[in-house]
Amino acid sequence: MKILITGTAGFIGYHLTKLLLDEGHKVIGLDNINDYYDVNLKYNRLEDTGVEKGDIQHNMLVKSRTNPNYSFIKLGLEEKEDILDLFRDERPDVVVNLAAQAGVRYSLVNPHTYIESNITGFLNILEGCRHYPVQHLIYASSSSVYGANTKMPFSVQHNVDHPVSLYATSKKSNELMAHTYSHLFNIPTTGLRFFTVYGPWGRPDMALFLFTEGIVKDQTIDVYNHGNMSRDFTYVADIVESIRRLVPKPPTGRSDWSGDAPNPAYSKAPYLLFNIGSNSPVKLMDFIHEIEHQLGKEAKKNLMDIQPGDVTKTYADVEDLFDYTGYRPKYNIKDGIANFVKWYREYYKV
């Protein structure tokens, strides 16, 4: 297949690109390479897939130097006409939309970015899929959509109408927009609610990276809600393997869906939602202790109050995903953190 992946300079997009190229697919990568975090890490991810920094120009498709099946274009999702031109020229079979403005706390200080990238940008992707039909659109949602929900584990069959951050609101909006386009234009769409993804090449604004960096540099790490939090940490290899299995399985719509008792996880339209999590929440302090163990060094901790937009616990019900793909997450935090620390030491030479 020819697969357009947005966000290929990003964490998940980088890993997915490598996996799908190994599978023999032709991949077109897209990213705006913004400065939300260290752009050098983004360029190094691209270079690891054969896309050299010096070759990259805005809105110009460049070939990987190491894989003839990979091309990359620097482009923002909000650039409507250029996005439509890319769809027209390349006619992808499948689109995996991972590009977005990430981060819960950042949405408190820069809200407009989330509207431009996550809502306007996603609309442009949907329009591309509408005018140049694709077999399947897979897009990133987030566990953040569960917001004020407290019933555990979080299920895609639960109502999620009470978000507690603008980031979560933008992701819930994506799900609603996707359903509308599935209904109106018969576009098969699958939304994926990611649960705290971690692993090698991870984002510097995420807990694992921040904690590891702080401990290595003998700095004090900020621990929110005094450490009384749990997260369903999900290793990146489990994420991309799930996506790989979903690529050739577009939804077709379910005749058993009823408007009298509407199940939010699916529809009569070709529309599905899945959680991707480990189904095994970990206490934040246990997570930190495992990092300390792998580094052989104790952290200096600054215990802080919970931040606006944060939730105290996430826990994914992944039975629907397992039933649909046959894949259940395999990695525990011991192995996952060990792999990250190994990468971190090699990458930063510490």
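Reader: How many cavities of 30 Å³ or more does a search of the whole structure find?

Author: The search finds 1 cavity of that size. A cavity here is a set of points, on a 1 Å grid over the protein atoms alone, where a 1.4 Å probe fits but cannot get out. This is a predicted model, in which local features need pLDDT of at least 70 and side-chain atom pairs count only at pLDDT 80 or more, while totals for chains, interfaces and linings use all residues. Residues are numbered from 1 along each chain as its sequence is written, and side-chain values use heavy atoms, with hydrogens and water left out.

Reader: How much space lies in the largest cavity?

Author: About 30 Å³, where a volume is the space filled by probe spheres set on the grid points, which are joined across faces, edges and corners.

Reader: Which residues line the largest cavity?

Author: The lining includes Leu77, Asn97, Ser117, Phe122 and Lys171; a lining residue has an atom within 4 Å of a point. Helices α4 (111-131) and α5 (166-185) each give two or more residues to this lining, and α4 has the largest share, 4 residues. Helices are DSSP runs of H or I with at least four residues, strands are runs of E with at least two, and both are numbered from the N terminus.

Reader: And by class, what does that lining have?

Author: There are 4 nonpolar, 5 polar and 1 charged residues. Asp, Glu, Lys and Arg count as charged, Ala, Val, Leu, Ile, Met, Phe, Trp, Tyr, Cys and Pro as nonpolar, and the others, Gly among them, as polar.

Reader: Changing topic: how many residues has the largest nonpolar core?

Author: It has 70 residues, and Ile12, Phe194 and Ile243 are among those with the most contacts inside it. Such a core is a set of buried Ala, Val, Leu, Ile, Met, Phe, Trp, Tyr and Cys residues joined through side-chain atoms within 4.5 Å. Another core, of 28 residues, lies apart from it and includes Leu41 and Phe287.

Reader: Where is isoleucine 12 found, then?

Author: Isoleucine 12 is in helix α1 (residues 11-22). Its relative accessibility is 12%, so it counts as buried; buried means under 20% relative accessible area, exposed over 50%, and partly exposed in between, with a 1.4 Å probe and protein chains only.

Reader: What does isoleucine 12 touch?

Author: Not counting residues up to four places away in sequence, isoleucine 12 touches Leu98, Phe194, Val197, Val236, Ile239, Val240 and Ile243. Contact means heavy atoms within 4.5 Å. Under the sequence limit of four places, Ile243 in turn touches residues including Leu16, Val96 and Phe194. The C-alpha atoms of isoleucine 12 and glycine 202 are separated by 8.2 Å, although these residues are 190 apart along the chain.

Reader: What is the order of the strands in the open sheet?

Author: The 8 strands run in the order β3-β4-β2-β1-β5-β6-β7-β12, with mixed pairing. Two strands pair if DSSP finds at least two bridges between them. The edge strands, each pairing on one side only, are β3 (62-63) and β12.

Reader: Which way do β7 and β12 run, parallel or antiparallel?

Author: They run parallel, and 6 bridges join β7 (residues 189-194) to β12. Glycine 191 has leucine 273 of β12 as its bridge partner.

Reader: Why is β12 described as largely enclosed?

Author: Because 6 of the 6 residues of β12 (residues 271-276) are buried, the strand is largely enclosed by the rest of the structure. Tyr271, Leu273 and Asn275 point one way, and Leu272, Phe274 and Ile276 the other.

Methods
1 Å grid on protein atoms, 1.4 Å probe; cavity = no way out; pocket = protein on both sides within 12 Å on 5 of 7 lines; lining within 4 Å.
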